[in-house]
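Subject: Structure handover

Dear colleague,

Here is the structure we discussed, with the sequence.

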Amino acid sequence: MAVSLPPPVQAALDELLGALKGVFADDLASVMLHGSAARGDYQEGESDVDLIIVLRDDNPEKLEAIGGPLQLARFSARIEGILLLSSEIEGASDVFPLMYRDVADEGVALVGENPFK
């Protein structure tokens, strides 16, 4: 599914994805877009862009390094990210089954593959 976002939001998303790849490199398992943007219901000025960032390792220095880019994306383009370790997916899916079922069914993998399928 092609995701259509306004150019400034897409630019902020691309910048965040570049920062995530640069900081986490091989520890970045996937970045999943979900919610209204993934369904094609994004409304400029009303919707946010929901991401689940799946990591293989949660190195504290890397987490600290990505804080600024995450904050910039949040405040400049309403991009909201949840950080999750690959090893936490099964447990998180048990706690929030409806949300993660929606991510499995409708989510768009921006990096890697959909680990919720």
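Of the 27 residues in the largest nonpolar core, those touching the most other members are Leu20, Leu28, Val31, Val49, Leu51, Ile53 and Ile79. A nonpolar core here is a set of buried Ala, Val, Leu, Ile, Met, Phe, Trp, Tyr and Cys residues joined through side-chain atoms within 4.5 Å. Buried means under 20% relative accessible area, exposed over 50%, and partly exposed in between (1.4 Å probe, protein chains only).

At least two residues of this core come from each of helix 1 (7-24), strand 1 (28-34), helix 2 (36-39), strand 2 (49-55), helix 3 (60-77), strand 3 (79-85) and strand 4 (108-111). Helix 1 gives the most, 8 residues. Helices (H or I, at least four residues) and strands (E, at least two) are DSSP runs numbered from the N terminus. Another core, of 11 residues, lies apart from this one and includes Ala29, Met32, Ile52 and Ala92.

The model is predicted: local features need pLDDT of at least 70 and side-chain atom pairs count only at pLDDT 80 or more, while totals for chains, interfaces and linings use all residues. Residues are numbered from 1 along each chain as its sequence is written, and side-chain values use heavy atoms, with hydrogens and water left out.

Leu20 touches Ala25, Leu28, Val31, Ile53 and Ile66, leaving aside residues up to four places away in sequence; contact means heavy atoms within 4.5 Å.

Ala25 is in the loop between helix 1 and strand 1, and Arg78 in the loop between helix 3 and strand 3. Ala25 counts as partly exposed because its relative accessibility is 48%; for Arg78 the value is 37%, so Arg78 also counts as partly exposed.

Regards
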